[in-house]
Amino acid sequence: MAAAQRAAAAFHKAIGTVRIGVAQLNATGNPIVNYAAVADLCGEAEKRGCRLLCLPECFHFIGSNTDETFSNAEHITEGPSISKYQSLARQHKLWLSLGGFHEVASCGDNGQCNKVFNTHLVLDNQGEIVASYRKIHLFDVDIPGGAVLQESKSTSPGHECMVVPTPFGTLGLSTCYDLRFPELYTELAARGADILLIPSAFTVPTGRIVVVFKRTLHSSDACVIYSGCHGNWETHVKHIYSFHPKTCAFSRLSFLAKVSCNMHDDSCAGLLVSAQVRIGIF
């Protein structure tokens with residue numbers, strides 16, 4: 001921690017402010033196609049002077065069933081995929097927030113993956129893994145007249161809050177559905193988070209009220225950065241932020257896309273939030 005703080009102090013003195021890119025990604029079921037898209041985003045972020053690029057949940061792969069998820073899951077340090085993203089971080093001199101990776105959690109007697117973690121990784125600009133957060137709150141919903149989604153059938157929950165010091169402030173890590181559980185963000189702020197990262201892949205019905213939750217989170221006195229993944233969104237670096245590490249002052253330098261958000265009274269219908277609070281963790 002002391003070494004990181006010394007590095008941060010030197011960085012502040014050297015550059016004063018940093019630029020943070022927030023990417024919007026149209027992820028597919030093909031990891032090769034997704035990697036190529038991320039590589040392009042990294043190049044764009046570097047050209048625009050970013051030091052951190054935030055990628056959404058499911059940036060690497062989004063499948064249509066659990067068998068596809070299990071077949072594409074990897075161990076973080078043993079599989080081939082993360083090493084490719086580490087190379088991107090080194091090549092473009094970027095810190096990367098990798099919003100949600102299917103990490104092998106357990107295997108059956110046949111040696112095949114049968115549970116994953118939804119893991120949010122942070123890489124430094126040397127490509128080193130500096131943080132690994134496993135999503136705590138899993139997306140189990142029953143939408144009236146719509147889909148029944150149970151992330152817990154394929155995914156094991158994490159059990160640890162995660163903050164990570166960086167040269168541009170302390171990051172508080174979370175993922176998508178975590179957004180609906182304010183006690184997590186209270187704890188992250190208490191641990192010193194300057195920036196709350198919320199990479200996501202919301203469904204359309206449950207994503208309608210994201211704006212409300214984002215506004216609520218600003219009461220934590222930390223900057224909230226949200227990156228989205230959805231089948232109908234264009235892939236690009238959506239926002240560029242300027243951040244002053246000493247004063248924690250944020251300003252948005254550009255806004256490249258607008259997403260309409262129509263509020264409906266039934267936006268929360270089917271959510272089992274009260275039954276999913278993980279009290280013992282905080």
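The model is predicted, so to speak from the outset: local features need pLDDT of at least 70, side-chain atom pairs count only at pLDDT 80 or more, and totals for chains, interfaces and linings use all residues. Residues are numbered from 1 along each chain as its sequence is written, and side-chain values use heavy atoms, with hydrogens and water left out.

**Overall picture**

- The protein has seven helices and 13 strands, taken as DSSP runs numbered from the N terminus (H or I, at least four residues, for helices; E, at least two, for strands).
- Of its 282 residues, 50% are buried, where buried means under 20% relative accessible area, exposed over 50%, and partly exposed in between (1.4 Å probe, protein chains only).
- Among contacts (heavy atoms within 4.5 Å) with a separation of 6 or more, 71% join residues 24 or more positions apart.

**The nonpolar cores**

- A nonpolar core here is a set of buried Ala, Val, Leu, Ile, Met, Phe, Trp, Tyr and Cys residues joined through side-chain atoms within 4.5 Å.
- The largest one holds 26 residues, and Leu52, Leu171, Leu173, Leu184, Tyr185 and Leu188 touch the most other members.
- Two or more residues each come from strand 1 (18-24), strand 2 (50-57), strand 5 (129-134), strand 9 (169-173), helix 5 and strand 10 (195-200).
- Strand 10 gives the largest share, four residues.
- A separate core of 23 residues includes Ala45, Leu55, Leu88 and Ala89.
- Beyond its neighbours within four places in sequence, Leu171 has contacts that include Leu52, Val122, Met162, Ile195 and Leu197.

**Helix 5**

- Helix 5 (residues 182-190) has Leu184, Tyr185 and Leu188 buried.
- Viewed down the axis, the buried residues of helix 5 fall within an arc of 90°, so they line one face; the arc is that of the directions from the helix axis to the C-beta atoms.
- Thr186 and Ala190 are exposed on the face turned away from that buried side.

**Cysteines**

- Counting a disulfide as a pair of cysteine sulfur atoms within 2.5 Å, the total is zero.
- Cys42 is buried at 0% relative accessible area, and Cys161 is buried too, at 2%.
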